[in-house]
Amino acid sequence: MALPVKPLFFFSFISLVSISYTLLLPVTKDSATLQYVTQIYHGTPLVPVKLVLDLGGPFLWLDCSSGRVSSSNTPIQCGSIQCLAAKTSDCGHGGEASTCRLSPENTITGVAAPGELAEDMVAVDGSEMVSPFLFSCAPKPLLKGLARGTVGMLGFGRTRISLPSSVGLHRKFAVCLSPSDGGAVFLENEIAGNNISKSLVYTPLLTDQILNSEQYFINVKSIRINGRGVSLGTITGGTGISTVVPYTTMKRSVYEIFTKAYIKAAASMNMSMVESVAPFEVCFRSESPEPAVPAIDLVLQSEMVKWKLLGRNSMVRVSDKIICLGFLDGGDNPETSIVLGGYQLEDNLLEFDLSTSMLGFSSSLLGSSCSELKLNSMSRGSL
């Protein structure tokens, strides 16, 4: 089926960056689950499907039990090039004559289930994006725990069959999450001018993570609170970046040191602690719409490279009179000592360059927000 030609997209933050992108995925935050939801078009004929955005997810998986028939859906045979690209050798009892098996995981609940690899048409906003596109069919029970109306998860992880790896040659994408409905993911970008390189700070993406190798990690060497260093003890591996974890989690030993230092800094600013409000442990009384709170700096590859977390990304307002520190105790033995959650990523422009293994970040958009992102159509031909 021939898809209509749609314009490419241009966006700009006011006085911030200037980048041109060929593909855009709108992202909204589901208030009930705190998950980030996007939409693509799938199959022939194309139908809209809502999916939970999974930054570290290895591939697209969705529920195929609705009974809808797509004329372009093709099961992938075991032993094929596509099956090898998915890095699975599970052929079941039928050998290479059977369908390639790929087990999708609901990364919200941690539950996985048997699935089958297939390929079909995928489009964004009616424009042909990738044809065909590999994905895994999943059983309906795997949807438990996902935002209402979603039928699967869209993975952006570091695999050969994730969305960024399957789109174009640049292997670069940008994410800007919003606390409401103003977020977006931009795919296959080309830098227009030098503004973005001047606006974003860059840090290497770690590539030597044995566990969760498809996810994204950075090297947080230390943390400063109001400019004072905090000795966090032993940190296992890198610091993860996640869109399925709502708030930053820390290994218990790290969390206890961090919160103790934060409470001390807050006390020096005359902030009054109050009783905990689940799921948060450290809470303060504040009726100001923009309270002054301790600043948090994540120190990366050097003391000169810092990811700043100001009040907007560190404190969560739970009532008119109470705010809480948006960091959670991750238990004694998590796989990753620190995982930056979605709340800490909101209103930050993050650029993932898979070809150079670098992450660019804006640290709270210099007072702007993802919701203020302005889109202008530019008719520059088909994809």
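**View 1. The lining of the second largest pocket in this predicted model.** The residues that line the second largest pocket divide into seven nonpolar, one polar and three charged, where Ala, Val, Leu, Ile, Met, Phe, Trp, Tyr, Cys and Pro count as nonpolar, Asp, Glu, Lys and Arg as charged, and the others, Gly among them, as polar. Among the lining residues are Pro 289, Glu 290, Gly 311, Arg 312, Ile 323 and Tyr 343. A pocket here is an open set of points on a 1 Å grid over the protein atoms alone, where a 1.4 Å probe fits and protein lies on both sides within 12 Å along at least five of seven lines, and lining residues have an atom within 4 Å of a point. The space in this second largest pocket is about 400 Å³, a volume filled by probe spheres set on grid points that are joined across faces, edges and corners. Helix H5 (311-314) and strand E24 each supply at least two residues of the lining, and E24 gives the most, with three residues. Helices (H or I, at least four residues) and strands (E, at least two) are DSSP runs, numbered from the N terminus. The model is a predicted one, in which local features need pLDDT of at least 70 and side-chain atom pairs count only at pLDDT 80 or more, while totals for chains, interfaces and linings use all residues. Residues are numbered from 1 along each chain as its sequence is written, and side-chain values use heavy atoms, with hydrogens and water left out.

**View 2. The open sheet that contains E24.** Four strands in the order E20-E21-E25-E24 form an open sheet with antiparallel pairing, two strands being paired if DSSP finds at least two bridges between them. Its edge strands, each pairing on one side only, are E20 (273-274) and E24 (315-317). E20 pairs with strand E21 (residues 283-285) in the antiparallel sense over two bridges, and Val 274 has Cys 283 in E21 as its bridge partner. Helix H4 (residues 252-268) packs on this sheet, touching E20, E21, E24 and strand E25 (322-325), and its direction makes about 140° with that of E25. Contact means heavy atoms within 4.5 Å, and the angles, from 0 to 180 degrees, are taken between N-to-C directions of axes fitted to C-alpha atoms, for helices over the stretch in contact.

View 3. Three bridges join strand E16 (residues 222-225) to E17, and the bridge partner of Arg 224 in E17 is Gly 229.

**View 4. The hairpin of E3 and E4.** Strand E3 (residues 36-42) and strand E4 (residues 47-54) run antiparallel and are joined by six bridges, with Gln 39 standing opposite Lys 50 in E4. Four residues lie between the strands of this hairpin, in which Gly 43 takes a positive phi near 85°. E4 is also joined by three bridges to strand E11 (residues 152-155), and these two run parallel; Leu 53 has Leu 154 in E11 as its bridge partner.
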